[in-house]
Amino acid sequence: LAMSSVSVPPPKCLQKTFVAPRRHMFGPGPSNVPPRILAAGAEPVIGHMHPEMLEIMSDIKSGIQYAFQTENNMTIAVSGTGHTAMECAIFNAVEPGEGVLTAVNGIWGERAAEMAERIGAKVNSIVTTAGGYFTSEEIDQALAKHKPVLFFLTHGESSTGVVHPLDGIGDICHKHNCLFLVDCVASMGGAPLYMDKQGIDILYSGSQKVLNAPPGTAPISFSERHFLMKVFNRKTKPVSFFLDMTWLANYWGCDGKPARIYHHTAPVSAFYALRESLAILAEQGLENSWQRHREVAEYLHEGVENMGLKLFVKDKNARLPTVTTIVAPPGYDWKEITSYIMKNHNLEISGGLGPSVGQVLRVGLMGGNSSKASVDMVLEALRDALRYCHKSKV
Ligand code: PMP
């Protein structure tokens, strides 16, 4: 045998072809990607600055403006997941030493607080129980007390299954000269949301939930107020070059400058898929999508309760239509239930996250997965699991 210059041999495991299992993705995300979106993502790769690509980005921008119900010019998709968009929002809106207030009724407010802390912001949080939400009075009082430059709120709390009311909160923030940042990763397309009417200054989402695109791109939009207050008045540059909105705005053609300057190589195939997913949402119509998610969720709630299980969110109006939290059945080990269902029904539902760990099962029915047929599958799987999983071991 000829002597080789490499000491690490080619891995044996890579000789096998990988075939992804076919699964019902009924957890809190990612959701199933329909063939039409998969096919779009499989189109040949072109350059990230080619004219066709810039046109696709312009289409994506229009699609996000529709999904968010905003006319904001600064509307783009960041190359990354929901967390990337969260950091993009916080890094561009806050400078070290400034105050941030986060509303914590689940894990996302905790994560936002941690991100803001990492860039040296002074962070305060208002906290309520998992499954609960805040009144406008509570938010008003906290803003008056802490005087932050940014207030973070999660619209669709996927860890607890709560959809937070948004009406009026934008005005309260602006009265306190504070920017209103909202996470709609788990709710966009699945629950009513009007960025401009509701006075939201920064809004971001993700591709892998209601949009049914693969994970890895994240819609985000910034209001003019944000730009006047922050981007043009910063004393320091944002800590991240990659997420600096002045650069991203140029790459996305939002800054009015004639020349596009290379910033990073966009995930070309992921943008094809995102464009297709936004096209499907536009075809179906936002209001139809909201209504379907609500009806399907109510059908699921009814089925769950008829089985003798309890819903985690007591207030009916606060139940998130995309992700339903079910009180973990007493006497069972929730992990056994989710693994049983995965193994025997080829179907993903999940346990809790952050403050809801051990307390709930989570069922996500998003985009194309939001149908009564999916609900029937979930209920059948749950019924079966309750019959065959061990009782009273915990
Ligand atoms: N916010 C919410 C409400 C979410 O549900 C998620 C994803 N579970 C995220 C943020 C983070 O998104 P990603 O996992 O894509 O980073």
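Predicted model: local features only at pLDDT ≥ 70, side-chain atom pairs only at ≥ 80, totals over all residues.
Figure 1. Strands here are DSSP runs of E, at least two residues long; helices are runs of H or I, at least four; both are numbered from the N terminus. Pairing requires at least two DSSP bridges between two strands. Strand 13 pairs with strand 14 (residues 360-364) over two bridges, in the antiparallel sense. Gly351 has Leu361 of strand 14 as its bridge partner. Residues are numbered from 1 along each chain as its sequence is written. Local features need pLDDT of at least 70 and side-chain atom pairs pLDDT 80 or more, while totals for chains, interfaces and linings use all residues.

**Figure 2. The ligand shell**. The ligand is surrounded by 14 residues (C-beta atom, placed from the backbone, within 6 Å). The closest are Thr81, Gly82, His83, Ser158 and Val185. By class, the shell holds five nonpolar, eight polar and one charged residues. Ala, Val, Leu, Ile, Met, Phe, Trp, Tyr, Cys and Pro count as nonpolar; Asp, Glu, Lys and Arg as charged; the others, Gly among them, as polar.

**Figure 3. Where domain 1 meets domain 2**. Domain 1 spans 24-30 + 286-388, and domain 2 spans 35-282; the bounds come from an automatic or database assignment. Contact (C-beta atoms, placed from the backbone, within 7 Å) links 26 residues of domain 1 with 29 of domain 2. On the domain 1 side, helix 10 (286-306) and strand 11 each give two or more residues. Helix 10 gives the most, with four.

Conventions
Contact = placed C-beta atoms within 7 Å.
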